[in-house]
Amino acid sequence: MAATRRWGLLPAVAALGTLFVVPPAQPVTKTESFITAETTGILLIEGGECFSDPAYSRGAGERIVLYTPCDGGADNQSYGFTHAADGPYDRAALAAFAWKSCGERHAELWGRDRADLPYYPIMPTVETWADGDRDIMCAVYRRTGRLTGSVLP
């Protein structure tokens, strides 16, 4: 009877064990709207620095980005800035310019065959544009996890 009882518990033990299995990271694709110039904390990040993905801060009452030392692992790393020309705010044209200029800088640094290190631009918004912001930050990340250190060549 004791053996039957043990076998009867096996499905329950197996089900309980699956609660502690961490599923593999789902690939992430970041776009120009993932982080913007209005995301709290992003304007404090400089070229070459690493930073977190936006997360809600109860203290701030909004989503924020935090500087993260690259050596400790980070979600993103800034690899440069580009400057848009003055003119009226045109989001579609700005996005096209941002992707093109960040892509050119990415190719200069890593070549064209770095699918493991995708990039995305962090753009001004209509509000920050009205305040004179013309800077676009270029950032890299890994689709399936964190960067394990600086990825700059």
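**Exercise 1. Surroundings of Leu 152**

Which residues does Leu 152 touch, not counting residues up to four places away in sequence? Work from the predicted model shown above.

Solution. 
- Step 1. List the contacts. With residues up to four places away left out, Leu 152 touches Gly 48, Gln 77, Tyr 79, Leu 109 and Trp 110.
- Step 2. Ser 78 is 74 residues from Leu 152 along the chain, and their C-alpha atoms are separated by 9.2 Å.
- Step 3. Classify the exposure. The relative accessible area of Leu 152 is 33%, so Leu 152 is partly exposed.

**Exercise 2. The sheet and its helix**

Give the strand order of the open sheet, then state which strands stand at the edges.

Solution. 
- Step 1. The sheet has four strands in the order β1-β4-β6-β5, and the pairing is antiparallel.
- Step 2. The edge strands are β1 (50-51) and β5 (119-122); each has a single partner strand, so one side of each lacks a neighbour in the sheet.
- Step 3. Look at one pairing in detail. β5 and β6 run antiparallel and are joined by four bridges. Within this pairing, Ile 122 has Met 137 in β6 as its bridge partner.

**Exercise 3. Salt bridges**

For the salt bridge of Asp 86 with Arg 134, explain why the pair ties together separate parts of the chain.

Solution. 
- Step 1. The whole structure contains six salt bridges. In one of them, Asp 86 and Arg 134 have their closest N and O atoms 2.9 Å apart.
- Step 2. Asp 86 sits in the loop between β4 and α2, whereas Arg 134 sits in the loop between α3 (126-130) and β6; the pair therefore ties together parts that are 48 residues apart in sequence.
- Step 3. Compare the two ends. Asp 86 is exposed at 65% relative accessible area, while Arg 134 is buried at 11%.
- Step 4. Turn to Lys 100 and Glu 104, whose closest N and O atoms are 2.6 Å apart in a salt bridge. Lys 100 is exposed, at 54%, and Glu 104 is partly exposed, at 40%.
- Step 5. Arg 105 and Glu 108 form a salt bridge of 3.2 Å, N to O. Arg 105 counts as partly exposed at 35% relative accessibility, and Glu 108 as exposed at 59%.

**Exercise 4. Nonpolar cores**

Which residues of the largest nonpolar core touch the most other members, and which element gives the most to this core?

Solution. 
- Step 1. The core has 15 residues; those that touch the most other members are Tyr 79, Leu 94, Trp 110, Leu 117, Ile 136, Val 140 and Val 151.
- Step 2. At least two residues come from each of α2 and β6. The most is given by α2, with five residues.
- Step 3. Take Leu 94 as a case. Apart from neighbours within four places in sequence, Leu 94 is in contact with Ala 84, Tyr 89, Met 123, Pro 124, Trp 129 and Ile 136.
- Step 4. Note the second, separate core: it has 10 residues, including Ile 35, Ile 45, Val 65 and Ala 139.

**Exercise 5. An aromatic cluster**

Describe how ring pairs link Phe 34, Tyr 120 and Tyr 141.

Solution. 
- Step 1. The whole structure has five aromatic pairs. One of them is Phe 34 with Tyr 120, edge-to-face, at 6.0 Å centre to centre and 85° between the planes.
- Step 2. Locate this pair: Phe 34 is in the loop between α1 (2-18) and β1, and Tyr 120 is in strand β5, 86 residues apart. Phe 34 is partly exposed at 23%; Tyr 120 is buried at 0%.
- Step 3. The rings of Tyr 120 and Tyr 141 have centres 5.6 Å apart and planes at 70°; planes over 60 degrees apart count as edge-to-face, so this pair is edge-to-face.
- Step 4. Tyr 141 lies in the segment after β6, 21 residues from Tyr 120. At 1% relative accessibility, Tyr 141 is buried.
- Step 5. Join the pairs: Phe 34, Tyr 120 and Tyr 141 form a cluster linked by ring pairs.

Definitions and conventions. Residues numbered from 1 in each chain as written. Predicted model: local features only at pLDDT ≥ 70, side-chain atom pairs only at ≥ 80, totals over all residues. Heavy atoms only, no water. Buried < 20%, exposed > 50% of the residue type's maximum accessible area, 1.4 Å probe, protein only. Contact = heavy atoms within 4.5 Å. Pairing = 2+ DSSP bridges. Salt bridge = Lys/Arg side-chain N within 4 Å of Asp/Glu carboxyl O. Core = buried A, V, L, I, M, F, W, Y, C linked by side-chain atoms within 4.5 Å. Phe/Tyr/Trp six-rings, centres within 6.5 Å; stacked < 30°, edge-to-face > 60°.
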